[in-house]
Structures are given as structure tokens and as C-alpha cells.
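Me: Can we go through this one together? I'd like to start with a helix, then move on to a sheet and the aromatic rings.

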Amino acid sequence: MFLSLSTDTLRPRDAYDFWRETVFYDFEADTPTPLQRDGFQARAAALIAPRGDVYWYQSDPVSGRRRQNHCRREERGLVNLGLVLAGERCHEQDGDRALRSGPGELLFYDPAHPSRVAWGPHQGLHLSLDRDAVCQALGGDPPPPSELIQTLHHSSLFPFLHDQLRLLARHGATLDIKHQSLILDQIIDLALATLNTIGRRPEKERPALLFALARQLIHRHLGDPDLDASTLAQRLSCSRATLYRAFAAQDLSVAGYLREARLRRVRRLLRGAPAHQTIADIAARCGFVDSTSFSRLFRRRFGVRPRDLRQRHRLR
């Protein structure tokens, strides 16, 4: 479900009260200044989905405190991870040091703890993630915001998550709801995977988590002909032996999984590619640089030559 709201159609004296009651409701908003009372403006949009939500917003200054009674009323069990896009955000969770975040910097907000937040004129975006999924990824309750944000910067997946959040902020609100939902699911997976890399997991659970992370990287970079076990291990900050064990636990090999994923993608593309695209070009897009060996692998796997499969679908 996609929602949007703004203060554009409200009388100036009603705008601040409207915003704190509909958007800032989980904080005890500070008494409005004369400027906020006479000229407050804000707008927001949200995509509400089963696995998590995403919010885009732009607002004049707003601040307040979340007290213990607000925390007790928490129902959905969500935690927020996002980006400051413009302006400045000051946030202090009880028991943690104060954080001052500017454009391009992460924000993390855990509604289970009392805190205080003060935004200047700003733009922002955040994901609201299921608390149970976050705790499972981390192997326990979320640490204080200052610790979590600092640790996230050392994750091998952090650059990917940061770039995807920026892209979502720039283009997400312009997509239709079907594509928004698709992108949101992928970014939630990436966010949880990034949290996985900094979490402390029981030893017996690590192979399954490593396999899930490796699988995501494989499907994201299938077109890279140099993608192999060594590259995956480097990007996942593990040894090749550890990576091999994670795939062996699923009765798979790294090379076999990579080859199967590439062949399946070629088969899917062949069924709908325009006539001007050659089979060699399609294969190269999926990481196959040797057309002869590709044709042999394809026929061995699917029992038909690539060109015959393409011709078959053209005649339908």
C-alpha cells in the first residue's frame, strides 16, 4: 500500500499539530516555535509492505522526546535504518552518546528505547524493518545506535546498502507500486544481509547465512566473467575453504551453482530477447565469454542447442 500526505492544503496554524499527530505521533513533540506555528511545511510518502516499510520525507524543523510510556505502546516491533538526505539530525538514545548526522550519513532508530531527536530543515529516507528479523540477523538485540552505525561502516556489504538506499531515495517514489515492492524486498534482503555480517551468530548457523549472502552476490553479478569462488570469498570476508563448506552443506559446489545460475538466466533471456541481440551477446551478459563452451554446456544441461530454443520461441 502506497500512502502520501502533506501540509500543503492545511491552514498554517494547523500544519504543525497535524504533523505531530499523524507522523510524529510516537514522540512527544516539543512546543512549537512561532515560526512552526505560523509556517510549518512537510510532506511524506510511504510504501507499507508485509516484510517492512519505506518512508520518504521532507520537513521543516521538528523535535521531541520518546518517553518510556511511548515505548510500552510499541505494537509492530519495528526498527528503522536509513539515510539523512539533506539537513541535520541529532539523536540521543538513553544510555548512548548523542549522534549528529548530516547528508549521506546513516540513521538508526530503535523505538524500544527512550530517546530524543531534533531535525533541522531536512530530507530523509528510512526502512522500517521487522524487529525479529533484525534480531535474528544480528544474533541478539540491536546494539546502541552509535555502535551499530560505526560497525556497519566496516561491513563488506555496507557500500552496496548505502548505494541502494541512495537510489531508492532518488527514484523510488517515482516507480509504480509493483516495482516499488520489488525493489523494497531486495533492499530489505540486502539490509538484513549487511546486519548479518556484523552480527554474532552461533557457529552452527554460519554456513547457511554465508550461503544466503553468497547466493545474493552471485545473482547480482552474474554478468561478471571473473566472478568465482575467490572473488566471492573476498567480497564476503571469508576464506575459500569456508565458502566451499557453506555450499557443501547445501549439497552444492560454488562453481556448479554459479554455472547453473548463468545457464538459467541465458535460457530465460533467450525466450524473450529481441532479434537483433545475438546469442553470443546474451551469453556474455550472463558471464560466458567462450561461445563454444557455452553452447556445449547449454545443450548438455537443457538437451537443446541455444539457437534451436530461440527459434522455437520465435515460432510461437
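Reply: What follows is a short walk through some features of this predicted model.

Me: Which residues of helix 6 are buried?
Reply: In helix 6, the buried residues are F158, L161, H162, L165, L168 and A169, and because they cover an arc of only 125° around the axis, they lie on the same side of helix 6.

Me: And what covers them?
Reply: The cover over the buried residues of helix 6 includes strand 4 (52–59), strand 6 (78–86), strand 9 (106–109) and strand 11 (122–130), together with helix 5 (145–152) and helix 7 (177–198).

Me: Switching to the open sheet, what's the strand order?
Reply: The open sheet has 5 strands in the order 2-5-10-7-8, with antiparallel pairing. Strand 2 (28–29) and strand 8 (99–101) each have a single partner strand, so one side of each is left without a neighbour in the sheet.

Me: How many bridges join strand 7 to strand 10?
Reply: There are 5 bridges between strand 7 (residues 89–93) and strand 10 (residues 115–119), which run antiparallel, and E92 stands opposite R116 of strand 10.

Me: Now the rings: how many aromatic pairs are there in the whole structure?
Reply: A search of the whole structure finds 12 aromatic pairs. In one of them, F18 and W19 have ring centres 6.4 Å apart and planes at 50°, so the pair is tilted.

Me: What about F247 and Y257?
Reply: Their ring centres are 5.8 Å apart with the planes at 70°, so that pair is edge-to-face; F247 belongs to helix 10 (residues 240–248) and Y257 to helix 11 (residues 254–270), and F247 and Y257 are both buried.

Note on methods: Residues numbered from 1 in each chain as written. Predicted model: local features only at pLDDT ≥ 70, side-chain atom pairs only at ≥ 80, totals over all residues. Heavy atoms only, no water. Buried < 20%, exposed > 50% of the residue type's maximum accessible area, 1.4 Å probe, protein only. Helix = DSSP H or I, 4+ residues; strand = E, 2+ residues; numbered from the N terminus. Arc of directions from axis to C-beta. Contact = heavy atoms within 4.5 Å. Pairing = 2+ DSSP bridges. Phe/Tyr/Trp six-rings, centres within 6.5 Å; stacked < 30°, edge-to-face > 60°.
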